[in-house]
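Please examine the sequence and the model shown here before reading on.

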Amino acid sequence: MSTAAPSAPTNRLGLTKQDYVGSKSTLCAGCGHDAITTQIINAAFESGIEGYQVAKFSGIGCSSKTPAYFINQGWGFNSVHGRMPAMATGACLANKQLINIGVSGDGDSMSIGTGQFVHAVRRNVPMIYIIEDNGVYGLTKGQFSATADKGSSLKSGAVNELPPIDPCTLAIELGCGFVARCFSGNPKQLGAILKSAFAYRGTVVLDIISPCVTFNNHDASTRSYKHVKDHDFPLHDLGFIQYSEVEDVDIAAGQTELVTFPDGSKVAIKAIREDYDPTDRWGAMRTIHESMEKGEFLTGLLYINPSQPPLTDLLDLVDEPLATLPESLLKPSREVLAEIMASLT
Amino acid sequence: MNATPVASPQAQGAKTRINDFSIQVATVNGSGSQTANMVLLRAIFQMGVFVSGKNLFPSNIAGLPTWFTIRASAKGYVARKASNELLILMNPETAKEDIASADPGALVIYDEPLQLDRIREDLHCIPVPFQKLVTASCPEPKLHKLVKNMIYVGVASRVLGVDMEEVRKAIAKQLKGKAKAIEMNQTAATAGYDWAMEHLEDQLGVRVVRDNKTDGLIIIDGNEACALGALFAGCTVVGWYPITPASTLVETFIEYAAEHRKDPATGKATVAIVQMEDELASAGVVLSAGWAGARSMTSTSGPGVSLMSEFIGLGYFVEAPGVFFNVARTGPSTGLPTRTQQSDVELCAKCSHGDTRHINLYPGNMEECFQFAYDAFDLAERFQTPIFVVTDLDLGMQNWSSKPFAYPDKPYDRGKVLNQQQLAEAKDWGRYKDVDGDGICYRTLPGTAGGKGAYFTRGSGHNAYALYSEKPEDYIEVMERLNRKYETSKTYVPAPVIRPMGSSIGVLAFGSSDPAVIEAQDLLAESGLPTDYLRLRALPFTAEVDAFVTEKRVVYVVEQNRDGQMANLFREAYPEHGTKFKSVLHYNGHAIDASTIVDQINAFEQR
Ligand SMILES: Cc1ncc(C[n+]2csc(CCOP(=O)(O)OP(=O)(O)O)c2C)c(N)n1
Ligand code: SF4
Ligand SMILES: [Mg+2]
């Protein structure tokens, strides 16, 4: 399968990074979304994800195009605007063994699709839910989305007077067990979070600030590269340790907190802001709200609680995918029909 | 019969209507009258007489007027009948209106204090002291409202000559397993019956006489029949959102699935059912589950289909399977949400923006609700597209007698899906390549190992290899192929049922209109106008439909909507015969009846 040079590094499946790429991006040069795509490829490669088990979903937008640009070995479904969560929900029911990656935009998820976002999180649909958040509708040429900050202005000079909807605090409120905010310009942090996300079971909400270089990168925008860089406050340094490596890694004692995922993988969290505890749901909420008021972007693992059952567990489904169950298991017998008919006479 | 037989007004001169009459019961909804009405219907059914029941209920939980009609017919006609021979008026609010519209000579059972006998003299009035009887037969005042209804069942049974033993059995059946309720209701019904024995004369106008027409038959509604079809079809994913009259389809499915869709080895479920946040999400779940290989479905009504329409277009264009039940109600908007109509014909035929055409199935009776629901899952996977099963409130929620359903022996058709091995052997596979020339391509399911077969599904333009394309020729190729696929489906969908009388006059109908059309066809023939009746069972139109349209001088298209939606589809499909199609319409929210059809056809024929 590999088309890279034989010397290219391989992962635990013997695959090279080239095995995780997709088709060529058609986004604007410098678009934050492309940087996210790169990190998804890296994380999937480093985590040794089986490409054929991946299902990629998206709505509509520049961001929603990107599933075509990573993991060609997986199946993709670019659906309709704002409805990516329902797509992931249906597919996870049909085949609970799939690894679901949903990519959406801030317009896709926080404007037209807020309802679907809310309900997918509430159901704990097993998926990595990525919001590539640029504060505007890129694909329709730069109108404000519902995550635009109050006071931010468009290139035309129009000022947003409405308060933003914050996907992260909303997700925490809804009981999401893995909520992170990242910046597409901080690959190290994003990579560690994506790898942790692959190890999690349930909905992972990643709000990734991802500047739109074409429509929202000017000085009066709060989502420009410069503005975000200046206001990005990483909460911690993160180190992801996959279950297969847990034995071999020395984790420095002291300020490092370890969170363990169901598969045994761990994420080591070394605090930068020592007053922030990502396992304290309401404390986290308070700190995030306070920092938003100051115009800061707190980035990192905002909240983590890996013990919540995903939707597919709650439904108590058989282990094998429903999609491929044989007729013998699905069609009730002749006797059952006769019994039902008798009860209706 | 120990009361003195004295002929009723009807019996004087008129012949007795044996097993051929309609009863209308007027009550208040939420009063438990549905159980009483079902008991009366069942008791007549158990007497071997063909019956159908229609509940005309309000969009309200409790306190508004509701009517239930029971039609008994020795000839097997089960459509709504415009006239009623027996009225049971339990609702003081509507009693005056109900009695004003009664047919002369009708029997009227009512609560004594209403003094309805003062309003009209041409009716056979039967005042019943319900309060007295209730107090005597039931010590618990809070149950009086419920018991009162069972008393009219007893009285009516005596009036009609229904065997009390059948009433007792019907109560036991209706209240399955609830011993205390059964006893209480049986006592109440008996109290009504005994009172009537003592105080009423035999009336000879309308009688139930034991027959054997219902031996071996079942009573069921269309939603339950569809639910059973889906159960046996192995439906594995359901995403739905409640809406009258479609909710009970999924709710019944849930009940059956809880029992019959568990892996015997582990006790775990072989179906996932999720109540979604709306119909958009439901449609998304159905299509993505279908795309991922599940047999998926939803059940909704017109407003839900409207919301789903963007997704349905996606499903059509990317070729994702899914079964969409539309149990239609009276639109537009909220319309009359608890009344019936066939007004989503065009909506479902072409649901969504852009050029779209869908396979639609129109079951016309309970066996077909079961069978077509079963077949819909095969069609969805065979044609990799959304399939509509279009019923309506009349089929879906009313009670129908039916032959028991035959076991669906036909193995599932899972369509053209390539597995890992087939993919390994396939040369130059493309998701949208028409290898067989039937417009149907080979798909793969996410999660298939082997490193081949992954593809990207998109609602935007794509070529045969599922790659993004805006090239005119690629777009045209896809759209033409989708048409070819639709053409292929003509040999898979159910052919129409034709009831010929050797006439050049065609009558064409579908779905719940069937019983009324059969009765109308008989009435027209008796009056010297034989017709040939074609019951359409699916879209697209098949060769049999082509032939029928071509050979008839005129085709009366009977449908339950204002705009003649089915006739419009016919005019579009057969422009050369466009003037042949004449619309026979009924759309007031009540189920269609035979006289409406007879009158309109007679008017066209200037008879
Ligand atoms: C139903 C519907 N309404 C409107 C559109 C037009 N539309 C396409 S993309 C988009 C906004 C996308 O914004 P966002 O999700 O933030 O993605 P971005 O392009 O910024 O990455 C809109 C409104 C559409 N495709 N479908
Ligand atoms: S318009 Fe903005 S969001 Fe869209 S590709 Fe260009 S930079 Fe990215
Ligand atoms: Mg955006």
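The sections below describe the model, its interfaces, its ligands and some details of its backbone.

## Basis of the model

The structure is a predicted model, in which local features need pLDDT of at least 70 and side-chain atom pairs count only at pLDDT 80 or more, while totals for chains, interfaces and linings use all residues. Residues are numbered from 1 along each chain as its sequence is written, chains are lettered from A and ligands numbered from 1 in the order in which they are written, and side-chain values use heavy atoms, with hydrogens and water left out.

## The interface between chains B and A

Contact here means heavy atoms within 4.5 Å. By this rule, 71 residues of chain B touch 54 residues of chain A. The size of an interface is often given as the accessible area lost when the parts come together. Buried area is defined as the accessible area (1.4 Å probe) that two parts lose on being put together, summed over both. Chain B and chain A bury about 5,200 Å² between them, and carbon and sulfur atoms account for 66% of this area. E277(B), Y407(B) and F456(B) supply 12% of the area that chain B buries against chain A, more than any other three residues.

A salt bridge is a side-chain nitrogen of Lys or Arg within 4 Å of a carboxyl oxygen of Asp or Glu. Three salt bridges are counted between chain B and chain A. E277(B) forms a salt bridge with R123(A), with the closest N and O atoms 2.9 Å apart. A polar contact is a pair of N or O atoms within 3.5 Å; within protein, one must be able to donate a hydrogen and the other to accept it, and residues adjacent in sequence count only if both atoms are side-chain atoms. Across the interface of chain B and chain A, 25 residue pairs are in polar contact (both at pLDDT 80 or more). Helices (H or I, at least four residues) and strands (E, at least two) are DSSP runs, numbered from the N terminus. Helix α9 (residues 279–291) of chain B gives the most to the side of chain B that touches chain A, with seven residues.

## Domains 2 and 4 of chain B

Chain B is divided into domain 1 (9–215), domain 2 (220–402), domain 3 (420–491) and domain 4 (497–604). These bounds come from an automatic or database domain assignment. The C-alpha centres of domain 2 of chain B and domain 4 of chain B lie 26 Å apart. Their contact takes 27 residues from domain 2 of chain B and 25 residues from domain 4 of chain B.

The area buried between domain 2 of chain B and domain 4 of chain B is about 2,000 Å², with 51% given by carbon and sulfur atoms. Q342(B), E346(B) and Y362(B) supply 33% of the area that domain 2 of chain B buries against domain 4 of chain B, more than any other three residues. Three salt bridges are found across this interface. R537(B) forms a salt bridge with E368(B), with the closest N and O atoms 2.8 Å apart.

## The two ligands

Which chains does ligand 1 lie between? Ligand 1 lies between chains A and B. A residue is near a molecule or strand if one of its heavy atoms lies within 4 Å of it. Ligand 1 is surrounded by 17 residues, of which the closest are C62(A), S63(A), G107(A), D108(A) and G138(A). An oxygen atom of ligand 1 is 2.7 Å from an N or O atom in the side chain of S63(A). For the side chain of D106(A), the corresponding distance from an oxygen atom of ligand 1 to an N or O atom is 2.8 Å.

The residues around ligand 2 include C28(A), C31(A), C62(A) and C212(A). H33(A) and N134(A) also belong to this shell. An N or O atom in the side chain of N134(A) is 3.1 Å from an oxygen atom of ligand 1.

## Details of the backbone

The peptide bond from T244(B) to P245(B) is cis, with omega near 0 degrees. P245(B) lies in the loop between β10 (237–240) and α8 (247–260) of chain B. A cis peptide bond also joins L539(B) and P540(B), with omega about 0 degrees.

In chain A, N124(A) is a residue other than glycine with a positive phi, near 60 degrees. N124(A) lies in the loop between α5 (114–123) and β4 (127–133) of chain A.
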